[in-house]
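Morning, everyone. Please take a look at the model on the screen, and then I will walk you through a few of its features.

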Amino acid sequence: MKDDYRRTAKIYDLLFSAALKQLREDIRTFVFHKNYRHIVDICCGTGAQLRCLDRAGMELCGIDNSLAMLERARSTCSERTEFYLLDAEQDSFAAGSFDCVILSLALHEKHPAAAGTLYRNCQKLLKERGALVIADFNPPPSGLVESLIGRCLLPFIEKCAGSDHYRNYSRWIKAGGLEAFLNGQKAAAEIISQPLHGSIICCAVTKNDQKKIEQQNFALLDLDLRKSKKSHRPS
């Protein structure tokens, strides 16, 4: 299997650790505040987020489809953290296995259909009161600094990741980024962090919120169907 990160795994943290430091600390604050213990980081990369969460009592694991990234993660994380070479778009763990699933900067590099599959798989992994923490790019707000980051720096970095990666990133931004994606999933989200002047949004979607939204949608559908049946009754 092709490893798109074979050349960049060793320097990935050097390039991005400073820019993503606040994001990872905000995720840690959220996780500890909610008292989540059993965490999986999907598309975990070099394990930087898992290192940030590592402390006594935590049960941490990361999955990625890049062997180079996982080798880097294993060499820098504690032995308490488990790693698996897996494709996140496939079912991997039993449903309801984790308090918290982290999906950071992974959706934008997927084809839209694959991104939807990945999101649903992450939802399946959550326990009843668990939360899916998602961080990804959003179209940049107006402003000079925001434009330099969102329209110059980030596209340049994405181009360096390869043509397929950049093509999916461009499609993601044109479609409205993470905010539009979550609207499409009808997901209620709690904002956790907005680093890089709002070019990245990080939010939490809880299992209970998702269930309430699905119940509301089914109720509306049922109401529409009943109205439709009444309107078609013979007089």
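Let's start inside. The largest cavity holds about 40 Å³ of space. By cavity I mean a set of points on a 1 Å grid over the protein atoms alone, where a 1.4 Å probe fits but cannot get out. The volume is the space filled by probe spheres set on the points, which are joined across faces, edges and corners. The structure has 1 cavity of 30 Å³ or more. Which residues line the largest cavity? Cys43, Asp64, Asn65, Leu86, Asp87, Ala88, Glu89 and Lys110, where lining means having an atom within 4 Å of a point.

A word on ground rules. This is a predicted model, with local features needing pLDDT of at least 70 and side-chain atom pairs pLDDT 80 or more, while totals for chains, interfaces and linings use all residues. Numbering runs from 1 along each chain as its sequence is written, and side-chain values use heavy atoms, without hydrogens or water.

Now the strands. Strand 2 (residues 59-64) and strand 3 (residues 82-85) run parallel, joined by 4 bridges. Pairing takes at least two DSSP bridges. Strands are DSSP E runs of at least two residues; helices are H or I runs of at least four, and both are numbered from the N terminus. Gly62 has Phe83 of strand 3 as its bridge partner.

Last, salt bridges: a Lys or Arg side-chain nitrogen within 4 Å of an Asp or Glu carboxyl oxygen. The whole structure has 5. In one, Lys21 meets Glu25, with the closest N and O atoms 2.6 Å apart. Those two sit about one helical turn apart, because 4 residues separate them in helix 1 (residues 12-33).

Note on methods: On a 1 Å grid over the protein atoms alone, a cavity is a set of points where a 1.4 Å probe fits but cannot get out, and a pocket is an open set with protein on both sides within 12 Å along at least five of seven lines; lining residues have an atom within 4 Å of a point.
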